[in-house]
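Open the model in your viewer and keep the selection panel at hand. The tour starts with the whole chain, then moves from stop to stop.

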Amino acid sequence: MEDNYWQQDDFVKPVEREPDEKRGLGIAAIVLGVLSILCCCVGVGFVFSIIGVVFSIICLVKGTGSGKTFGIVGIILNGIGFLLGVYMIISLAMMFNWENFNIETFNQLEYIDPNDEEALYNWLQQFFRVDISGYYY
């Protein structure tokens, strides 16, 4: 009877963890999300956020364990980066005075002396809705 007491079946078997599939892709999605937030002012953030969203969706669909968690975090970060990029582009577009972007105003540049900085900045000012006079001193 003592021999049967210590059989292998009496011990608790270790719990097998489910593998964290697509974890590396999830980490890449998070890194791309952070890059899209940091690079939103440059315009490159769009590229990072689109690739990051694709990676995040793959993690959510095919990933398990922490891969899905990283996919959720990646979607959130890439969404924030995308929205910041849209905001920056709209803000930049609103800075320009689009009515003056025509061939006649660009032809006026021929009559401006290249050594006269003030005249050049006055010519440039017509393209902006904000005052740029403080930037050339």
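Show the whole protein chain. Among its contacts between residues at least 6 apart in sequence, 62% join residues at least 24 apart. Contact here means heavy atoms within 4.5 Å. This is a predicted model: local features need pLDDT of at least 70, side-chain atom pairs count only at pLDDT 80 or more, and totals for chains, interfaces and linings use all residues. Residues are numbered from 1 along each chain as its sequence is written, and side-chain values use heavy atoms, with hydrogens and water left out.

Switch to cartoon. The protein chain has six helices and zero strands. Along the sequence the pattern reads α-α-α-α-α-α. Helices (H or I, at least four residues) and strands (E, at least two) are DSSP runs, numbered from the N terminus.

Accessible areas come from the Shrake-Rupley method with a 1.4 Å probe; for residues, only the protein chains shown count as cover. Of the 137 residues in the protein chain, 23% are buried. Buried means under 20% relative accessible area, exposed over 50%, and partly exposed in between (1.4 Å probe, protein chains only).

**Stop 1: helix H2**

Select residues 23–38, which form helix H2. Pick Ser 36 in this helix. Is Ser 36 buried or exposed? Ser 36 counts as buried because its relative accessibility is 0%. Leaving out residues up to four places away in sequence, Ser 36 touches Gly 45, Phe 48, Ser 49, Leu 77, Asn 78 and Gly 81.

Go to Leu 35, also found in helix H2. Leu 35 has a relative accessible area of 31%, so it is partly exposed. Patches are made of residues with over 30% relative accessible area and no salt bridge; like charges are joined within 9 Å, nonpolar side chains (Val, Leu, Ile, Met, Phe, Trp, Tyr) within 5 Å. A salt bridge is a side-chain nitrogen of Lys or Arg within 4 Å of a carboxyl oxygen of Asp or Glu.

**Stop 2: Cys 59**

Select Cys 59 in helix H3 (residues 45–62). Cys 59 counts as buried because its relative accessibility is 0%. Its contacts, not counting residues up to four places away in sequence, are Lys 22, Leu 25, Gly 26, Gly 67, Lys 68 and Gly 71. Draw a distance to Glu 21, 38 residues apart from Cys 59 along the chain: the C-alpha atoms are separated by 8.1 Å.

**Stop 3: Phe 101**

Move to the loop between helix H4 (66–95) and H5, where Phe 101 lies. Phe 101 is partly exposed because its relative accessible area is 33%. What does Phe 101 touch, not counting residues up to four places away in sequence? Show Phe 96, Phe 106 and Phe 127. The C-alpha atoms of Phe 101 and Gln 126 are separated by 9.1 Å.

**Stop 4: Asp 113**

Finish in the loop between helix H5 (103–107) and helix H6 (117–125), the place of Asp 113. Asp 113 counts as partly exposed because its relative accessibility is 41%. Select Asp 116, Glu 117 and Glu 118 too: with Asp 113 they form a negative surface patch. Lys and Arg count as positive and Asp and Glu as negative; His and the chain ends are not counted. The place of a charge is taken as NZ of Lys, CZ of Arg, CG of Asp or CD of Glu.
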